[in-house]
Amino acid sequence: MNKNQDRKENNKPKNKSKILQFIKNLFVVNDYVFDELFDIDRVKMSKKSAGREKSSAEAEDKGFNESGFRQPKRAFTVAALREKRFKEQKPAPRKPEDVPVSENLEENLMKLRHFFRLPQNRDIVIREFSVPLNGLTKAAIIYIDGAADTKLVDGFVLQPLMLLTNINKEYAGTLFETVKSLLVPTNQFAEANNLQEVIEGVVNGDTVIFLEKSAQALVVETKGWPVRSVGDPKTEKVIQGPSDAFNESFRQNLALVRKRLRTNALVTEYLKVGWRSRTDLALLYLDGVANKKIVYEMRRRLKSIKVAYVTDTGIIQQLVADSPYSLIPTSLATERPDRVTAFLNEGHIAIIMDGSPFAIVAPITIWGLLHSPEDYYLNPVVGSFTRVIRTLSFFIGVITPAFYIAITNYHPEMIPTDLLLAIAATRELVPFPVIIETLLMEFSFELIREAGARIPSILGPTIGIVGALILGQAAVQANIVSPILVIVVAITALGSFTIPNVAFSFSVRIIRFVFIFLAAILGFFGIAFGLMVLAFIITGTKSLGVPMLAPVAPFRPRSGDLVLRRPFFSFDSMPKYVEPQAKHMQVKLIRKWDPVSRNRVKGDW
Amino acid sequence: MYRLKEGHINSQSLFRILVILVVSNIFLGTPGAMVEEGATAGWILLLFAGAIAGAGIFILIKLLKKFPGKNFIEIAETLWGRPGAVFTALSFGILAVYTAIISLREFAETMLTTVLPRTPISVVTFFFVAAMLLGAYKGLEVIGRTSILLLPFVIGGIFTILFLAGNYISLNNLFPLLGTGLGELAYHAPGRSSIFIEIILVSLIVSNISDIENIPRATWKAFGVSLTVFIVVEIFYISIFRVATSEKLYVPLFQMARIIYMGRFIQRIEAIFIFIWFFTGALKLTLALYAGATALSRGFRIPIYQPLLFPLGLLTFSLSFVPPDIITAVRIDMLYLREYGAIPAWGLPLALLATSFIRKKGGGRPEKSQPD
Amino acid sequence: MAGLKKVSLIKIITLLTVTLLISGCWDRRELEDQAFVQVMGIDKAPHNQILVTFRIAIPSKAGLGQTAGGGGGGEGSVAAQSSLLTSVIAPTIPSAVTLASGYVNRDLNLMHTKAIVLGEPFAREGIARLLGILTRHRELRGNVFMCVSEGEAYKLLEQNKPDLEKSFAKWWEGVKQLQSSQAIHPGSLLQDFITNAESLGIEGTMLYIAVNKEAKNQDPAKLRVPPSFEQAKLGVKSGEIPRTGGNAVEYVGTAVFKSDKLISVLTLTETRSLLMLNGQLRRAVITVEDPRVKGRYTGLEIKQGSPPNVKVNIDRDPVLIEEKLSLEGDLLALQSAINYATDLKNQRMLEAAIEKDLEEGALSVIKKLQQSGSDAVGYGDYASRRILTWPAWLDYDWPTKFKTAEVKVDVDFSIRRTGMLGKQPNVWEPR
């Protein structure tokens with residue numbers, strides 16, 4: 001065979017290729033497909049040898065073709081035929097932007113079939129029909145089955161065009177104008193002049209109508225993506241308060257926000273991110289309240305995102321973050337529309353993305369990460385109490401194991417003597433030093449937590465009980481850990497669970513390990529060092545230019561809403577750290593009917 | 001002069017920075033030195049020292065008011081020309097780095113003596129230097145905000161110690177009232193006034209402060225608060241420990257923390273106070289290093305100060321090991337830095353002010369300041 | 001190329017740091033690797049050495065915690081069984097610690113030392129050489145309880161077998177606490193002692209503890225009643241309490257020092273008077289003979305009404321010290337039918353008797369102190385108010401002046417409450 005002739009110089013054993021050729025002959029299919037499967041007589045082209053051929057023209061002169069094979073100059077070899085067919089297979093498609101909608105319907109449809117990879121791509125439906133206007137005009141619609149609501153397509157596109165053209169005897173200029181303004185009763189439309197716009201419309205779920213002899217196409221709104229109904233928030237549950245949450249539908253999410261802020265000042269700017277996914281992104285803010293500079297900055301950052309595909313707002317968070325490696329999150333992801341609207345009211349901005357049930361609020365401060373909406377809905381004393389507990393639990397979650405290590409190893413004088421002797425008595429039986437047993441227990445708890453996140457919900461609580469109790473108890477009885485350590489680790493875990501923000505609680509877990517190491521090295525000194533470095537880092541983090549620790553540092557006055565919460569009726573001035581344009585959130589005196597309040601509020605109300 | 005845009009702090013940050021700077025001296029040997037020279041009237045000595053320092057600050061504020069918006073180096077440049085600016089920058093820088101070196105050594109030694117006896121001092125120093133470099137690198141804004149955050153803890157911690165150790169006070173220990181006599185007190189006062197020289201930091205960072213008109217108020221407030229804290233601590237210290245013991249004890253505040261005994265549970269808790277120790281020490285060192293780097297960079301027209309940080313930090317680290325023992329270190333602090341350090345610290349503003357009167361310069365509008 | 005350099009720089013720094021830190025956490029000591037000393041005793045030893053006694057807790061036998069085994073049963077107390085008593089002769093305390101670690105299998109840790117007991121011969125000779133190390137040492141702290149023992153300290157520590165408490169720590173805490181509730185000892189901590197000893201205006205005091213040799217005796221009939229009980233004066237020192245059973249060690253009374261030497265021992269009543277004069281009396285129970293019926297005693301619980309008012313007049317020679325005390329009390333025990341509770345005339349009489357009694361007690365203590373030349377009350381502090389400068393105070397030489405001072409004590413006593421009963425039960429003939 002010719003192949004063997006080609007390979008004579010290469011000392012390939014003859015029997016091998018013969019066997020393979022025999023097998024090949026059993027399957028009489030396209031040669032080139034099979035050859036590609038078995039890779040028989042390809043020489044591995046190294047970079048060096050590829051570089052040797054400076055240009056394909058030069059190579060062609062020498063008898064090498066594009067894929068790097070030396071070719072005899074005969075055109076009828078199988079290999080040559082293979083090459084020819086490969087070249088003619090499919091011409092590289094031109095960019096759809098350059099292709100205008102032509103007046104010839106068939107040409108449009110053929111190009112569209114080419115761009116949409118029909119007929120392999122079965123989701124795309126092209127329905128040709130005729131419109132009884134101007135005689136019988138040929139028309140066609142193209143839509144994606146599943147993306148467009150077929151009821152809308154049938155009822156509001158096909159039906160009027162096919163059946164109801166004679167109801168309206170008016171005429172509006174050209175056929176296209178008639179169809180557009182009189183015959184297709186959909187609530188939104190757009191005109192497409194080139195195929196790029198057509199394609200965009202189709203992939204977005206709209207239906208595109210082509211008419212013979214029209215150099216434009218009509219893109220009508222028929223979006224009918226599958227959506228979930230509004231459900232409960234999965235991560236931020238409150239006892240008293242609304243329980244509707246964002247879900248993956250863009251429209252529903254925006255509707256939930258609009259429902260709560262029925263004002264014309266609420267602006268939703270649409271953007272698209274991802275050149276392949278073209279996901280819708282909305283930037284929400286209250287014009288007149290939000291700081292223009294912050295809006296501008298956020299818009300600038302969003303517009304500069306050039307990725308192929310964005311899955312979730314978490315990715316957007318990282319792409320627009322001030323410092324992406326920072327452990328402290330610089331924007332807040334929340335599922336609750338009431339939180340989003342509260343923040344919008346104070347001058348923050350929100351980002352909602354199609355396909356993600358989490359909205360992003362920026363800029364935030366570290367106090368925002370520790371707040372839960374329930375603090376507002378209950379009375380101020382209760383709200384302050386729970387907030388104080390939560391702030392303390394942040395510290396508990398970070399420092400407690402480190403404290404335990406530092407106290408037992410470096411500062412045993414701090415423990416009352418009897419307790420000390422009791423701990424020493426139990427530790428006599430444990431073979432590990434305190435650090436090792438702390439790390440063991442912490443690691444096991446992290447395992448339990450991760451496992452608990454993956455377990456199907458039926459087994460979830462069981463694993464929790466099994467893991468925590470039995471593991472801890474059994475470890476104590478086996479003298480692997482000392483009993484007081486189980487308490488320490490349990491309290492730490494509880495402390496880190498009370499943090500409302502998921503990203504922040506992850507950071508707390510990581511920081512905790514750093515503190516454990518620092519405490520193991522230098523006791524309280526190490527913990528103090530860690531706290532100082534943490535203070536430096538947190539105060540240096542900025543979220544869209546707003547320092548994370550505002551308004552404690554650097555702004556004053558307090559907004560009354562940090563750790564302790566003042567009563568709602570005293571929130572009359574806006575929190576200043578976002579520097580909003582509006583000055584007031586409330587009138588000075590809300591409870592006009594209460595003489596005590598009237599006395600308390602000075603000035604004229 | 002081309003200078004990289006730096007962060008700004010407001011006058012409240014300034015106030016807190018200055019308070020922390022001065023109050024950090026309490027943690028070291030100052031109360032003991034007061035008792036040594038003034039016996040039961042150590043606090044009166046502080047009053048005298050405060051008076052002299054107040055005069056010095058007054059001169060400084062007057063100078064700053066005369067040249068609003070300009071910092072010290074720029075004023076020196078206006079009055080004395082380029083060599084003046086270089087001289088001022090160098091003296092500032094040397095003073096700052098000297099303070100950093102000695103403070104670093106003292107804080108590290110204190111840590112070792114009190115809580116970590118077996119650790120080599122290089123490790124402890126290394127951690128201090130690491131925190132110091134991080135803070136100074138991040139800039140004045142971060143330092144200011146951290147001070148705002150931490151100052152309540154520091155002052156609260158000091159007053160907690162005083163409150164809990166207050167069991168042991170007997171006011172009789174403050175008598176005889178005048179201690180070693182007013183003459184002796186007045187003689188020692190100028191040397192001791194250098195406890196407050198850290199306040200001249202304010203003159204260096206004027207260009208970083210956003211509300212310039214509040215600088216005098218913030219400075220006086222800081223001075224008043226730190227003087228009050230000093231005097232209160234001194235009074236408590238003498239009345240708890242009596243003269244004879246108090247002039248011998250090594251770290252006064254720590255000793256007071258050690259004797260806290262309120263029942264079976266609240267005893268031996270002095271280790272908690274390591275936190276405020278470290279915070280104060282690290283902040284003071286950070287500010288000293290920052291001051292040195294900024295002074296040198298402004299004096300020599302270097303647009304940013306960050307590159308100077310690592311060399312200065314390394315210098316501080318290695319030079320802090322020069323004193324062979326803690327006694328020498330304390331003596332260097334008390335004698336050379338504190339007694340002779342008062343001369344350039346108060347002397348320079350005085351000289352500049354005199355020059356400005358002679359040459360009739362000054363006044364003018366402040367530069368536009370950036371909002372915070 | 002720059003990226004390559006940065007990466008290896010980070011690696012180098014990380015490796016260096018990790019090496020530095022792995023080489024050992026120098027101060028990390030596990031709890032179970034240390035031996036915690038509960039009590040320290042110090043005695044004289046030949047050739048200027050000291051005999052240091054350590055009582056070291058054995059946690060596994062302590063009977064505390066769930067996994068401790070053994071303990072209880074047999075003779076003696078759990079506390080004594082769960083600790084190790086050992087004595088070492090050494091030049092200084094740190095060298096004693098080093099020597100002890102030669103046979104006790106762990107590092108000795110003095111941080112939890114509750115009390116330091118000094119032997120009486122050692123205290124009489126002068127403990128100046130000890131005071132430096134006690135302050136300088138990192139692990140010993142100011143709230144260590146200071147005691148002087150009658151005889152040798154190690155003998156006393158051997159005999160100390162707490163029965164109610166499971167650990168010595170708790171026992172010593174109890175001792176400390178009794179100062180405020182019963183005023184039986186001065187409750188002196190190291191911190192107070194050293195500051196007092198160093199200053200001119202006051203002298204240091206310590207608790208005086210001793211072994212009661214009669215304690216093993218279980219027969220009350222054989223008890224020896226001290227002569228001071230004739231006048232209902234509880235004038236007993238440690239070791240003299242007439243009792244049977246219980247821990248042999250008693251801790252009433254004060255050891256008064258003159259700078260660093262022990263010079264006199266005060267009894268229980270004298271201690272109470274001293275505390276009264278000092279202004280440190282929290283609560284005490286006094287017994288006074290009934291002014292109208294001989295042989296019957298009234299008991300009252302007294303406390304300080306307001307701080308004592310001391311005036312020292314140094315312009316005359318001898319110095320005049322006037323102290324006004326204001327005390328108040330509640331009636332507790334009335335043994336006669338006389339109605340002291342509701343009859344105000346009787347109350348005045350009782351109050352007068354009490355005042356006389358207290359004044360006498362105070363003066364006798366002051367006389368005893370003056371004879372030994374140590375101002376344990378602290379009148380010198382008041383005297384220093386009159387002097388302006390420190391060098392003048394140093395020249396004044398208060399201890400000499402105190403010896404010849406004239407002291408006047410005036411007690412003002414008021415009965416406030418009478419307990420839960422008004423008149424006495426009507427079982428006597430009214431007399």
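A salt bridge is here a side-chain nitrogen of Lys or Arg within 4 Å of a carboxyl oxygen of Asp or Glu. By this rule the structure, which is a predicted model, holds 50 salt bridges over all chains. Two of them are set out below, including one that joins chain B to chain A.

| B:Glu141 | A:Lys542 | 3.8 Å |

Where chain B meets chain A, 39 residues of chain B are in contact with 33 residues of chain A, and the area buried between the two chains is about 3,100 Å², with carbon and sulfur atoms giving 75% of it. Across this interface the rule finds one salt bridge, and the pair concerned is B:Glu141 with A:Lys542.

Within chain B, the axes of helix H2 (residues 30-38) and helix H9 (residues 215-246) come within 10 Å and cross at roughly 60°, which means that H2(B) is oblique to H9(B). The crossing of these two helices is right-handed. On the side of H2(B) the contact is made by B:Thr30, B:Pro31, B:Gly32, B:Met34 and B:Val35, while H9(B) contributes B:Phe230, B:Glu234, B:Tyr237, B:Ile238, B:Val243 and B:Ser246. Sorted by class, the contact of H2(B) with H9(B) has seven nonpolar, three polar and one charged residues.

Terms used
Residues numbered from 1 in each chain as written. Chains lettered and ligands numbered in written order. Predicted model: local features only at pLDDT ≥ 70, side-chain atom pairs only at ≥ 80, totals over all residues. Heavy atoms only, no water. Axes fitted to C-alpha atoms, helices over the stretch in contact; angles between N-to-C directions. Helix = DSSP H or I, 4+ residues; strand = E, 2+ residues; numbered from the N terminus. Parallel < 35°, antiparallel > 145°, perpendicular 65-115°, else oblique. Left-handed = near helix turned anticlockwise from the far one by under 90°. Contact = heavy atoms within 4.5 Å. Nonpolar A, V, L, I, M, F, W, Y, C, P; charged D, E, K, R; others polar. Buried area = accessible area lost by both parts, 1.4 Å probe.
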